[in-house]
Amino acid sequence: MFHTTCPGEDQKDETHFHIAISCIAESLKTQIISRSYDEVAIFFFNTREKKNLQDLNGVFVFNVAERDHLDRPTARLIKEFDCIEESFMREIGSQYGIVPGSRENSLYNALWVAQALLRKGSIKTADKRILLFTNEDDPFGRLQGAAKADMTRTTLQRAKDAQDLGISIELLPLSRPDEEFNVLIFYADLIGLDGEDLALFMPSAGQRLEDMKDQLRKRMFTKRIIRRITFHIVSGMSIELNTYALIRPTVPGAITWLDSVTNRPLKIERSLICEDTGALIQEPPKRFKPYRSDNVKFSMDEISEIKRISPGQLRLLGFKPLSCLKDYHNLRPSTFVYPSDKEVVGSTCVFLALHRSMLRLKRFAVAFYGSSSHSQLVALVAQDEITRDGGQIELPGMHMIYLPYSDDIRDEEEIFPDTEDDAPRADENQIKKAAALIKRIDMKDFSVCHFANPALQRHYAVLQALALEEDNIPEIIDETLPDEEGLARPSVVKAIEEFKLSVYGDNYDEESDHLGKEKVGQASRKRKDIADNAAKDYDWADLADKGQLKNLTVADLKTYLNAHNLPVTGKKEALISRILTHMGK
C-alpha cells in the first residue's frame, strides 16, 4: 500500500494508501451534506499496533476504538483523518500481510471487528456495509498447504456470517500498474461474485473509486409522505391515497441567527404597538381591502374562510384517452400517489383494479383536486411496474399531473408582414447548413440529471472550507457553461462559419450589426422620453384623490406606468390599482 504507486490526475505517482485515504476523506465530506445521519467507523488491518475492543492483533480502529458504537461524520473527524498520512507509520505502523508460521489472520480479525461495530449501530440503521480497500488479491499467498486452506475457509465463513446478519461487503481493489487485481484468486468467493457480475466487476470498481474521489455534494431526502388524501371514486366509495414528491427544489437552507455572546439560536418574536398611544396591541391584527373610498376590514379567520374553496379531497370526474394529454399540460412536477389501507381498508384492492383497467384501456383519469386555498383539475396517469434483473426499478402507481387553466395556455404569436415578399424564409442551402451545425453540436444521451447546480455546489464548498478551516475554497466546475473546447473543434468551427455565410452572405459586418443594435436602444430611450412627457400632462395626485382615474383611457393610464417603469399588463381596474399602490394612496 505504501510502495505501490500509480499515476494520479496531475500525472504524479500516488501510493495506494494515499488513494484510499483520499477516497475516504471525500466520502466523509460528502456524507455531512448528503446523509448527516449516517454512522461510520474507520479502521486499518495488517497493522503493527492494535486498538480495538476485542483486543485482536493487526487491527487498529481509528475513531471509535474506545466505544462500541459508530460515529457520525463531523468536521473534527475529517480534520483528524486528514493528518493520518503524516502520523501513520510513526503511531500505527504496517506489517506485510499474513506470514508463515503465524496463526494471526488479520483479515479475519478485521471482519470480526467490523461485524461487532455494525451490530452496535443505531436501531434505525437500515443499510450496513463494509467497504474494503486492498491492493493484495491473495491475502494468503505466502502460506501453503493446510495452513492456507484453513485460513481461507475460516475467513470465508466469517464473511458469510456477517452477510447472514444483513451486512454487505463491498470490495474496492487497487490494481498495480503492471498487474491487474485478480479477484478470482480469493475475493470473488468472499463477496459472492459469479457469472456476468464477475466479468463486470473490475470496470465498475475502477469507476466507483473515481466517483468516490469526485463525489457530488447532494442533499439526500427520504421518500416521505407529503399528505394523505381521500379519493372519491363514485358516490359511497372512497379510498385513501398517500402522495409523494419525486422532484423537489434544493435550496441552501434557512439561515439561523445566533447570539453574539452565548452562540445560541435567537428566538424571534413580533409585537404590534399602537402608533398613537405606544401601547402594546393585544387584539389580533386585521387587514383591509380598499373599496371605492372606504376600507373594508377583515379578521384573519374571515380571510381564511373566504379563501377556503374545498376540504382538500380528490374527486373523480371521468376518463379520457392518453392521446388527449399533451406535453405542455404538465406545468410543474407531478405527484406520485399510492394507496394506503391504514385508515380505509380495501383501498389497495380498489386502486389496483382501477390501475389495471386504465393501463389496459390506455386511459387517464380526470379528477378535481381541491386544497384549502387552491383547486384545479388533475390528470391521474397509471404507471406500470418496471423490473430489471429480478429487481424493481419503478413502482406501480399513478402520477397526479396538475392541468392548466384555459387562462394559462398562450397561443403562438405570429407576426404577419405587410406583403408576402417581406416574410423571411430559409432556402434549401440555409436549411442544409443549419442541419449540419445541429448535428455537429448535438448532445448525445443528454439528461438534466447529469448537471449539478453550480450555485449550490459553491455554497457547500464554502461551508466545507469554513468548517475545516481550509485556506482555499475547493474548485467548483460549472457544468452548465458552454463547452468551449468542444465548440473550438475544427469541424464545429467550420459548420458555424458555413451557416453564418449561408445566412448573412460574404459582406456581413459584425461591427455594423452592433451599431444597429445601439440605434435600436436609442429608439427605445426616445419612446421612454415621450412617455415621460405625456405623463406630465396630468395632475395624477389630484385625479387619484378625487377618484377620477377611472375617467381616463387605458392608453393614458399606461403613460404613467411606462414613465415609472411599472408593468402595463392587465385590465383597466388593475392599472388603476397599480397606480394607486405606487402613489401610496
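The model on your screen is predicted.

**Stop 1: Aspartate 259**

Select aspartate 259. You will find it in the loop between strand 8 (237-245) and strand 9. Aspartate 259 has 27% relative accessibility, so it counts as partly exposed.

**Stop 2: The whole chain**

Zoom out and show the cartoon. The protein chain has 17 helices and 17 strands. It holds 585 residues, and buried residues make up 30% of them.

**Stop 3**

Strand 12 covers residues 335-339, and strand 17 covers residues 397-402. The two run antiparallel and are joined by three bridges. Strands of a sheet pair through backbone hydrogen bonds, either parallel or antiparallel. Click on valine 337, then look across to strand 17. Methionine 398 stands opposite valine 337.

**Stop 4: A hairpin in the open**

Which residue in the hairpin of strand 9 and strand 10 takes a positive phi? Of its six residues, the number buried is zero, so strand 9 lies largely in the open.

Six bridges join strand 10 to strand 9, and the two run antiparallel. Find arginine 287 and follow its bridge to strand 10. The partner there is phenylalanine 298.

Now look at the turn. The hairpin has two residues between the strands. Arginine 292 is the residue with the positive phi, near 55°. Arginine 292 is not a glycine. Its relative accessible area is 79%, so arginine 292 is exposed.

**Stop 5: Another positive phi**

Is asparagine 46 buried or exposed? Select this residue in the loop between strand 3 (43-45) and strand 4 (59-61). Asparagine 46 has a positive phi of about 65°, although it is not a glycine. With a relative accessible area of 19%, asparagine 46 is buried. The cut-off for buried is under 20%.

**Stop 6: Helix 4 and helix 5**

Two packed helices are described by the angle between their axes and the distance between the axes. Select helix 4 (residues 106-119) and helix 5 (residues 145-164). Their axes come within 9 Å and cross at roughly 15°. Helix 4 and helix 5 are therefore roughly parallel to each other. Angles under 35 degrees count that way. The crossing of helix 4 past helix 5 is left-handed.

Show the side chains where they meet. On the helix 4 side, pick Leu107, Tyr108, Leu111, Trp112 and Gln115. On the helix 5 side, pick Thr154, Thr155, Arg158, Ala159, Asp161 and Ala162. By class, the contact has six nonpolar, three polar and two charged residues.

Not counting residues up to four places away in sequence, threonine 155 touches Asn105, Leu107, Tyr108, Leu111, Phe140, Phe186 and Leu190.

**Stop 7: Helix 16 and helix 17**

At what angle do helix 16 and helix 17 pack? Select residues 554-563 for helix 16 and residues 572-583 for helix 17. They pack at an angle of about 30°, and their axes are 10 Å apart. The crossing of helix 16 and helix 17 is left-handed.

Show the side chains again. Helix 16 brings Val554, Leu557, Lys558, Tyr560 and Leu561 to the contact. Helix 17 brings Lys572, Leu575, Ile576, Arg578, Ile579, His582 and Met583. The contact of helix 16 with helix 17 divides into eight nonpolar, one polar and three charged residues.

Note on methods: Residues are numbered from 1 along each chain as its sequence is written. This is a predicted model: local features need pLDDT of at least 70, side-chain atom pairs count only at pLDDT 80 or more; totals for chains, interfaces and linings use all residues. Side-chain values use heavy atoms; hydrogens and water are left out. Axes are lines fitted to C-alpha atoms, for helices over the stretch in contact, and angles run from 0 to 180 degrees between N-to-C directions. Helices (H or I, at least four residues) and strands (E, at least two) are DSSP runs, numbered from the N terminus. Angles under 35 degrees count as roughly parallel, over 145 as roughly antiparallel, 65 to 115 as roughly perpendicular and the rest as oblique. A crossing is left-handed if the near helix is turned anticlockwise from the far one by less than a right angle, and right-handed if clockwise. Contact means heavy atoms within 4.5 Å. Ala, Val, Leu, Ile, Met, Phe, Trp, Tyr, Cys and Pro count as nonpolar, Asp, Glu, Lys and Arg as charged, and the others, Gly among them, as polar. Two strands pair if DSSP finds at least two bridges between them. Buried means under 20% relative accessible area, exposed over 50%, partly exposed in between (1.4 Å probe, protein chains only).
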